[in-house]
Amino acid sequence: MGMSVIISAATAQDVEQIFRLQYLCFQREAELYDNYRIDPLVQSLDAVRAEVADDLVFVARLGEEVVGSVRGFTEPDGTGLIGKLCVHPRLQGHGLGTRLLRAAERALAGDRAATRFRLHTGHRSDSALRLYRRAGYSRVGALTGADGVQMIMLEKDAGTQEYVASA
């Protein structure tokens, strides 16, 4: 391949690629839960466009191709919410998810003054749960999404920057 993957802020020109990538990446989650109405699969292009305009959105680029994405915003209480982390299936397992998560954390803490980070993932999403645990997140609760999927809520303090190597 010969190219490096670059993490950068998303632009309006990235919206359609993010939209398509999100649809591709979350197929596995939909299959895992036998539920094709999960939020990332039913989100509209206009909603993605609004998130890119209003929130912190980062992409992983391989040349001109967007191969990963993550979004975040800060609530009034200082909680940085991180969501819709996805990496193209052909590039999973190479640390891009970790790099995207770190970029979101740095920006939320630095640019948006987040004091802690919160995210959620489906209770059967073992690879996501491993990633978040390695990144220092701990389970703080559970909830059922509007789509009926059981979600695990995880948090960590914004000062926690440890990443533990997987065993």
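Mentor: Start with a term. A salt bridge is a side-chain nitrogen of Lys or Arg within 4 Å of a carboxyl oxygen of Asp or Glu. Keep in mind that this is a predicted model.

Trainee: What makes glutamate 16 and arginine 20 a salt bridge?

Mentor: Their side chains meet at 3.9 Å, N to O. The cut-off is 4 Å, so the pair counts. Both residues lie in helix H1, four residues apart, which is about one turn of the helix.

Trainee: Is glutamate 16 buried, exposed or partly exposed?

Mentor: Its relative accessible area is 44%. Buried means under 20% and exposed means over 50%, so a value in between is partly exposed. Glutamate 16 is therefore partly exposed.

Trainee: Which residues of helix H1 are buried?

Mentor: They are Val15, Ile18, Leu21, Gln22 and Cys25.

Trainee: How do you know that these buried residues line one face of H1?

Mentor: Look down the helix axis. The buried residues fall within an arc of 130 degrees, so they line one face. Their cover includes helices H2, H3 and H4, and also strands E2, E3 and E4.

Trainee: What makes histidine 88 count as buried?

Mentor: Its relative accessibility is 15%. The limit is under 20%, so histidine 88 passes. It lies in the loop between E4 and helix H5. Leaving aside neighbours within four places in sequence, histidine 88 touches Leu21, Leu24, Cys25, Glu65 and Val67.

Trainee: Back to salt bridges. How many does the structure hold?

Mentor: It holds 13. One of them joins lysine 84 and glutamate 51, with the closest N and O atoms 3.6 Å apart.

Trainee: Why can we say that lysine 84 and glutamate 51 tie parts together?

Mentor: Lysine 84 is in strand E4 and glutamate 51 is in helix H4, so the pair ties together parts 33 residues apart in sequence. Lysine 84 and glutamate 51 are both buried.

Trainee: And what about glutamate 75 and arginine 118?

Mentor: They form a salt bridge too, with the closest N and O atoms 3.7 Å apart. Glutamate 75 sits in the loop between E3 and E4, and arginine 118 in strand E5. The two are 43 residues apart, and the pair links distant parts of the chain.

Trainee: Why is arginine 118 called buried, and what is glutamate 75 called?

Mentor: Arginine 118 has a relative accessible area of 18%. That is under 20%, so the word is buried. Glutamate 75 has 27%, so it is partly exposed. Salt bridges with shared partners join Glu75, Asp77, Arg116, Arg118 and Glu155 into one network.

Trainee: Now rings. How many aromatic pairs does the structure hold?

Mentor: One. The ring centres of tyrosine 132 and tyrosine 137 are 6.1 Å apart, and their planes stand at 65 degrees.

Trainee: Last one. What makes aspartate 34 exposed?

Mentor: Its relative accessibility is 67%. Exposed means over 50%, so aspartate 34 qualifies. It is found in the loop between H2 and H3.

Technical notes: Residues are numbered from 1 along each chain as its sequence is written. This is a predicted model: local features need pLDDT of at least 70, side-chain atom pairs count only at pLDDT 80 or more; totals for chains, interfaces and linings use all residues. Side-chain values use heavy atoms; hydrogens and water are left out. Buried means under 20% relative accessible area, exposed over 50%, partly exposed in between (1.4 Å probe, protein chains only). The arc is that of the directions from the helix axis to the C-beta atoms. Contact means heavy atoms within 4.5 Å. Rings of Phe, Tyr and Trp (its six-membered ring) pair if their centres lie within 6.5 Å; planes under 30 degrees apart count as stacked, over 60 as edge-to-face and the rest as tilted.
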